[in-house]
Amino acid sequence: MNEPKKAAAKAPRLSAEWKQRIGLYGGILLILVIAAVIPRVYNNSKSVVLANPAQAVHYSGPSYWAEQQMIRSSIVSLSMTDPRWKDEPIADTGYTIGEQGSLLCCLAWDAPDEKVPSDINRALQAEDAYTENGGIDWDRANAALAPMRYIAYESSTPSFAANCLKEGKSVLLKIASADNRALWLWLHSADENGYYVVNPTAYGVAELLPPETRVYAVVVGEKD
């Protein structure tokens, strides 16, 4: 005689409270895994603190430093947060000039003729110089920015910027802002006290770069 089949045991149902707990703990675990796998945007092992200019180059006396101060005697007043362009999109990056336009400001200051950040932004877009992740394809950018030509360095030595400046080249420095975003500064001049940079969040004022500032990338430009 065939015995009746036993009904399969039903798994205990989780209460709504436990489902919420599992979801919460699972989310926290995922965040921890991502944080462990994805490297930090700014890796101090790949950054440098700039050497004092007087130590980084062959010191030529006060006349050399005076000449450095006169390289660009005036600075055009520009800011990435200027209402005239702060809401302008930077290609398809999802950012605006007001949010991430520091490099555009620096390139505008560096242009041989008078430019503003929106001019640089449109020129780069016309040459399709923005990469998918919001970076710059410098080969394409150089076509847009002629007669200036730039080379980007992801790492450098402490004396590299000072030597480039001594050679009359333009120098742009990438640092981390207070909220850990990329911030580009235009290296204006140097003397025995340190480096004077122009910050795109201000309006054309050259200020002494704090000596402990870490530099994560350098872009060097010169006129063809």
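Modeller: The count of disulfides is zero. This is a predicted model, and the cut-off used is a pair of cysteine sulfur atoms within 2.5 Å. Take C105. Its closest cysteine sulfur is in C106, 6.9 Å away, which is too far for a bond. A disulfide is a covalent bond between the sulfur atoms of two cysteines. C105 is also buried, with a relative accessible area of 0%. C164 counts as buried too, at 5% relative accessibility.

C105 and C106 are both among the buried residues of helix 5. That helix covers residues 102-110. How many of its nine residues are buried? The number is nine of nine, and the helix is mostly covered. The buried residues include L103, L104, L107 and W109. S102 and D110 are on that list as well.

Now for the close look: strand 3. It spans residues 170-176. Five of its seven residues are buried, so the strand is largely enclosed by the rest of the structure.

What does strand 3 pair with? One partner is strand 8, residues 217-223. Five bridges join the two, and they run antiparallel. Another partner is strand 4, residues 182-191. Here too, five bridges join the strands, again antiparallel.

In strand 8, L173 stands opposite V218. In strand 4, the bridge partner of L173 is L185. Keep one general point in mind as you look. In a regular strand the side chains alternate between the two faces of the sheet.

Next, follow the chain out of strand 3. Strand 3 and strand 4 form a hairpin, with five residues between the strands. N180 lies in that loop. Its phi is near 65°, a positive value in a residue other than glycine. Is N180 buried or partly exposed? N180 is partly exposed, with a relative accessible area of 37%.

Compare A91, in another loop. A91 lies between helix 3 (62-70) and helix 4 (97-100). Its phi is near 50°, also positive in a residue other than glycine. At 23% relative accessibility, A91 counts as partly exposed.

P147 sits between helix 7 (138-145) and strand 2 (148-153). The peptide bond from A146 to P147 is cis, with omega near 10°.

Methods. Residues numbered from 1 in each chain as written. Predicted model: local features only at pLDDT ≥ 70, side-chain atom pairs only at ≥ 80, totals over all residues. Heavy atoms only, no water. Buried < 20%, exposed > 50% of the residue type's maximum accessible area, 1.4 Å probe, protein only. Helix = DSSP H or I, 4+ residues; strand = E, 2+ residues; numbered from the N terminus. Pairing = 2+ DSSP bridges.
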